[in-house]
Amino acid sequence: MIDNPAQGWSFTVVLAAMILMAGCQSVPNEQRWTGISGPERIEGRLSITGVRTNPSFSLERLSPDRQIFRAFGIMGLGEVSVLYDKGEPVEGRFEGKRLSAEQMQETLRLKTGLEVPLAVLPAWIQGRADSRWDSRGSPEEFKQLGWQIRRVMQTESGIPKRTELTKGELKIVVGVQRWQ
């Protein structure tokens, strides 16, 4: 029992501070993850500056936490895929070989000369900024990671049909043909 009122007051302040501190602990990313929103599957074609072929692509939701991006025929490379878990690229496949996300990013750069940040690709395909990185602009046109992203065409309901990704001389046009 506390006999001195000053001690009681101090004890109350310390207890209140401890309760507040416990309530303000940061939550690790794994616990903040809310799942992937958006369509089950997006299909379309890519147009890349200086490349004659327009490779097709798909972005598919495998579960609430997992997505896979596939591109077919990028600069004669066959199928390229990137698996995402909780929004992060975790592995890729190139010419049938499994690669870490870092190896996949580097392989694409070496084989194609393209330095597209794989971590934000699913968001950009959907014509939106990735909330994990700073962006400036509006939902229809914004800058992120040194790239200019602009929705050029969209349906009446706001679904992007054509989005341009531009950095310097490089321009990639994402043409969505199917959104389900």
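Reader: How many cavities of 30 Å³ or more does the count come to by this rule? Please take me through the lining and the core as well.

Author: The count comes to 1 cavity of 30 Å³ or more. This is a predicted model: local features need pLDDT of at least 70, side-chain atom pairs count only at pLDDT 80 or more, and totals for chains, interfaces and linings use all residues. Residues are numbered from 1 along each chain as its sequence is written, and side-chain values use heavy atoms, with hydrogens and water left out.

First, the term. A cavity is a set of points, on a 1 Å grid over the protein atoms alone, where a 1.4 Å probe fits but cannot get out; lining residues have an atom within 4 Å of a point. Grid points are joined across faces, edges and corners, and a volume is the space filled by probe spheres set on the points.

The largest cavity has a volume of about 230 Å³. Its lining has 17 residues. Leu46, Ile74, Leu114, Val116 and Leu121 lie nearest the centre. By class, 15 lining residues are nonpolar, 2 are polar and none is charged. Here Ala, Val, Leu, Ile, Met, Phe, Trp, Tyr, Cys and Pro count as nonpolar, Asp, Glu, Lys and Arg as charged, and the others, Gly among them, as polar.

Which elements supply the lining? Strand 1, strand 4, helix 3, helix 4 and strand 11 each give at least two residues. Helix 3 has the largest share, 3 residues. Helices (H or I, at least four residues) and strands (E, at least two) are DSSP runs, numbered from the N terminus.

Now the core. The largest nonpolar core has 33 residues. Such a core is a set of buried Ala, Val, Leu, Ile, Met, Phe, Trp, Tyr and Cys residues joined through side-chain atoms within 4.5 Å. Buried means under 20% relative accessible area, exposed over 50%, partly exposed in between (1.4 Å probe, protein chains only). Phe69, Met104, Trp124, Ile125, Trp147 and Ile172 have the most contacts inside this core. Elements that each supply at least two of its residues include strand 1 (41-48), strand 4 (79-85), helix 3 (101-112), helix 4 and strand 11 (170-179).

Take Trp147. Leaving aside neighbours within four places in sequence, Trp147 is in contact (heavy atoms within 4.5 Å) with Glu115, Val116, Pro117, Trp124, Phe142, Leu165, Thr166, Lys167, Leu170 and Ile172. Val116 is one of the residues nearest the cavity centre.

Key: On a 1 Å grid over the protein atoms alone, a cavity is a set of points where a 1.4 Å probe fits but cannot get out, and a pocket is an open set with protein on both sides within 12 Å along at least five of seven lines; lining residues have an atom within 4 Å of a point.
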